[in-house]
Amino acid sequence: MIRDNETHQLLLSTVRAFVRDVLRPHEKEVEENNEVPESVVAQMRDLGLFGLTIPEEYGGLGLTMEEEAEVCFELGRTSPAFRSLIGTNNGIGSQGILIDGTEEQKSFYLPKLATGEYLSSFCLTEPDAGSDAGSLKTIAERDGDDYLISGTKRFITNAPYADIFTVMARTDRDAPGAKGISAFIVERKSDGVTIGKPGHKMGQKGSLTADVIFDKVRVPAKQLIGGVENVGFKTAMKVLDKGRLHMAAFAAGVSDRMLEDTLLYAIERKQFGRPIASFELIQGMLADSKAELYAAKSMVLDAARKRDEGQRISTEASCAKMFSTEACGRIADRCVQIYGGAGYVSDYDIERFYRDVRLFRIYEGTTQIQQLVIAKNMIREVS
Ligand SMILES: Cc1cc2nc3c(=O)[nH]c(=O)nc-3n(C[C@H](O)[C@H](O)[C@H](O)COP(=O)(O)OP(=O)(O)OC[C@H]3O[C@@H](n4cnc5c(N)ncnc54)[C@H](O)[C@@H]3O)c2cc1C
């Protein structure tokens, strides 16, 4: 749902200009230094990019899902590291509080996340619990008015910068699988929180991911999201439904950028006395990519509109995430092929994007997990 088209178009053109004039010129520097410069972060804060999805009453822009998807199409036209920095505050790091938090939790944390004063991370994955997140072992034991949280979380995006963590931990050891899990807001400054050394990633340099270790971290009971025990896994899944649509939209934005760069290269590069874009085998790759990009954007917008109407979109979100990220991988591969040898060396941006986009098919649920979600929902609907 687009609430006011004029305001929305203004936002899109502002983001488009920011991507073109500020973010793109910093892409190589971010790759080399593995860091987004503070001057850029400050501009992101000024533009309100940390609070795109947080409601206006809590200081954000309160974008609808359709509006957010269109902003992602624009933000995708540069290195994913930039989105990653604002991604947790807008998505997995804030949505648990927004969707299921108490009013006290919302009014304390959301304004800080909306301005970028606080950064947030989402702690679900563990060394032995990835796709099977319901088997997580982190424990939250009640101790008077507090909980004591102990466990290790793995691959946590933005952990080195985060001020707060949404932590999924087991409150009922006897309940099977996902049933005994609760969600907590844990402050980084709490005693017993340790952030591991950031991992060395294949791509997305500038976006940091690390282990977060909780050693008997004392967390007041008022930090239990929604104040209700053993519903944390449901909160996590609601967060991921929305996160998957966000990722699908973003992957489509990156596909757009890669394809645009590649088309320009194909028109310029000459072989056999002609631009390579005039060869039908190259045109086939361009056309297949364009059609897949169009399909990905269409799926994202359809699912986003359904979510804005209040419909359940678990199946659609998984379809969109699976299709858009897999298409993005195919498009990246074709683009490298069209660049030829130039696509394999770092002089051109496509070499970096090829590595960057590989992650889209893995995090926020692998492609195989999306397939399982889709199929299980299909079977449940008929039975
Ligand atoms: C850079 C990065 C950032 C991340 N950020 C976060 C974050 O901020 N917060 C967070 O909580 N997590 C985060 N993750 C974790 C991410 O969500 C997991 O890596 C992902 O869910 C897969 O889990 P896994 O790595 O343990 O793989 P595994 O679960 O071990 O899967 C390995 C392979 O087995 C397949 N597989 C597993 N189960 C099945 C099945 N039932 N049927 C068929 N195939 C199956 C998978 O699809 C995959 O191909 C991040 C990961 C990375 C790499």
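Modeller: Helix α4 (residues 65-75) has 11 of its 11 residues buried, so it is largely enclosed by the rest of the structure. Buried here means under 20% relative accessible area, exposed means over 50%, and partly exposed is in between (1.4 Å probe, protein chains only). Helices are DSSP runs of H or I with at least four residues, strands are runs of E with at least two, and both are numbered from the N terminus. This is a predicted model, in which local features need pLDDT of at least 70 and side-chain atom pairs count only at pLDDT 80 or more, while totals for chains, interfaces and linings use all residues. Residues are numbered from 1 along each chain as its sequence is written, and side-chain values use heavy atoms, with hydrogens and water left out.

The buried residues of α4 include Glu66, Glu67, Glu68, Glu70 and Glu74, along with Met65, Val71, Phe73 and Leu75. They pack against α1, α5, α8 and α9 (280-308), where contact means heavy atoms within 4.5 Å.

Two of those partners can be followed further. In α8 (residues 232-268) sits arginine 257, which counts as buried at 1% relative accessibility. Leaving out residues up to four places away in sequence, arginine 257 touches Arg24, Glu27, Gly76, Arg77, Thr78, Asp349, Arg352 and Phe353. In α1 (residues 5-23) sits aspartate 21, which is partly exposed with a relative accessible area of 47%. Its side chain makes a polar contact of 3.0 Å with the side chain of arginine 20. A polar contact is a pair of N or O atoms within 3.5 Å; within protein, one must be able to donate a hydrogen and the other to accept it, and residues adjacent in sequence count only if both atoms are side-chain atoms.

The buried residues of α3 are Val40, Val41 and Met44. Seen down the helix axis they fall within an arc of 100°, so they line one face of α3; the arc is that of the directions from the axis to the C-beta atoms. Glu38 and Asp46 are exposed on the face turned away from that buried side. Glycine 48 follows α3 with a positive phi near 85°.

Of the 18 residues around it, Thr125, Ser131, Phe155, Thr366 and Gln368 come nearest, a residue being near if one of its heavy atoms lies within 4 Å. The side chain of serine 131 has an N or O atom 2.6 Å from a ligand oxygen. A polar backbone atom of phenylalanine 155 is 2.7 Å from a ligand nitrogen. The protein buries 64% of the 970 Å² that the ligand exposes when taken alone, by the Shrake-Rupley method with a 1.4 Å probe. Strand β3 gives the largest share of the shell, three residues.

Asparagine 158 is not a glycine, yet its phi is positive, near 70°; it is buried at 1% relative accessible area.
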